[in-house]
Amino acid sequence: MRRVFFGLLALMACEATPPGDDPRANPRDAAKVSLGAKVYAQHCALCHGANLEGQPNWRQALPNGRLPAPPHDESGHTWHHPDDVLFGITKIGLVPPYAPVGYQSDMPAFTGKLADDEIWAVLSYIKSRWTSADVLSARAEMLQNRPRR
Ligand code: HEC
């Protein structure tokens, strides 16, 4: 009886998704990652770079005051954000609650252009490119410490 109980606990612990990680953005789902790579090439690569490298000098504002597209690889700050925030930014763009009212940005909203499943697929692909132990543990720690809503 005891053994069954502990076995169950272990199972539950394995299946729990860490806070901030959404099972729909799954870098280990090969089908999702491959769909995501296609969506990325078609809809994101133009600005964020074919290899997720972002635009040159992406930390520096352009003459028009807007920011260039940041990398989505480990050198950027995309991995600092929980999955639901990445989903929201991709779907509705950098508007409240993701940016201040009136914020001017070149990041388009993909509502009406991409289905939710395609957005989760592209996030799965982007996440599949975060592989270094440093980034993965820093991200896990950040998500763990995220204030709960
Ligand atoms: C027309 C250019 C353009 C395209 C196309 C584009 N983006 Fe962006 N994206 C930007 C720019 C510019 C920013 C930074 C904007 C800012 O900070 O004001 C950005 C920011 C982001 C951010 C926030 C990153 C962070 O670390 O804060 C995410 C997430 C993002 N883009 C996802 C995507 C995805 C996914 C696609 C494809 C489905 C995509 N973008 C397509 C220009 C683009």
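**Close-up views of the predicted model**

View 1. Asparagine 57 sits in the loop between α3 and α4. Helices are DSSP runs of H or I with at least four residues, strands are runs of E with at least two, and both are numbered from the N terminus. The structure is a predicted model, in which local features need pLDDT of at least 70 and side-chain atom pairs count only at pLDDT 80 or more, while totals for chains, interfaces and linings use all residues. Residue numbers start from 1 along each chain as its sequence is written. The phi of asparagine 57 is positive, about 45 degrees, although the residue is not a glycine. Asparagine 57 counts as exposed because it has 9 C-beta neighbours inside 10 Å. The classes rest on the number of other C-beta atoms within 10 Å of a residue's own, with C-beta atoms placed from the backbone: 20 or more for buried, 12 or fewer for exposed, and partly exposed in between. Leucine 52 is also in the loop between α3 and α4, and its phi is positive as well, near 65 degrees. Leucine 52 counts as buried because 21 C-beta neighbours lie inside 10 Å. Most residues other than glycine have a negative phi, and most peptide bonds are trans.

**View 2. A cis peptide bond between two prolines.** Proline 96 and proline 97 are joined by a cis peptide bond with omega of about 5 degrees. Proline 97 belongs to the loop between α4 and α5.

**View 3. The shell around the ligand.** The ligand is surrounded by 23 residues, and the closest are Cys44, Cys47, Ala69, Ser105 and Met107. A residue is near a molecule if its C-beta atom, placed from the backbone, lies within 6 Å of it. Helices α3 (45-48) and α4 (83-92) each supply at least two residues of this shell. By class, the shell holds 14 nonpolar residues, eight polar and one charged. Here Ala, Val, Leu, Ile, Met, Phe, Trp, Tyr, Cys and Pro count as nonpolar, Asp, Glu, Lys and Arg as charged, and the others, Gly among them, as polar.

**View 4. The largest nonpolar core.** This core has 16 residues, and Val122, Leu123 and Tyr125 have the most contacts inside it. A nonpolar core is a set of buried Ala, Val, Leu, Ile, Met, Phe, Trp, Tyr and Cys residues joined through C-beta atoms within 7 Å. Two or more residues come from each of α2 (30-43), α4 and α5 (116-128). The most come from α5, which gives seven residues. Apart from neighbours within four places in sequence, tyrosine 125 is in contact with Val33, Gly36, Ala37 and Tyr40; contact requires C-beta atoms, placed from the backbone, within 7 Å.

**View 5. Helix α5 and its cover.** The 13 residues of α5 should span 18 Å at 1.5 Å a residue, and the end C-alpha atoms are 18 Å apart, which agrees. The expected span is 1.5 Å times one less than the number of residues. The buried residues of α5 are Ile119, Trp120, Ala121, Val122, Leu123, Ser124, Tyr125, Ile126 and Lys127. Their cover includes α2 and α4.

**View 6. The two faces of helix α2.** Helix α2 has 14 residues and reaches 20 Å from first C-alpha to last, close to the 20 Å expected at 1.5 Å a residue. Lys32, Val33, Gly36, Val39 and Tyr40 are its buried residues. They cover an arc of only 120 degrees around the axis, so they lie on the same side of α2; the arc is that of the directions from the helix axis to the C-beta atoms. This buried set packs against α3 and α5. Exposed residues Ala30, Ala31 and Gln42 are on the face turned away from the buried side.

**View 7. Lysine 91 in helix α4.** Lysine 91 lies in helix α4 and is partly exposed because 16 other C-beta atoms are within 10 Å. Leaving out neighbours within four places in sequence, the contacts of lysine 91 are Ala109, Phe110, Thr111 and Ile119. Glycine 112 is 21 residues from lysine 91 in sequence, with a C-alpha to C-alpha distance of 8.7 Å.

**View 8. Threonine 131 and aspartate 73.** Threonine 131 is in the loop between α5 and α6 (133-144) and counts as exposed because it has 11 C-beta neighbours inside 10 Å. Its C-alpha atom is separated by 9.6 Å from that of aspartate 73, 58 residues apart along the chain.

How values were computed:
Contact = placed C-beta atoms within 7 Å.
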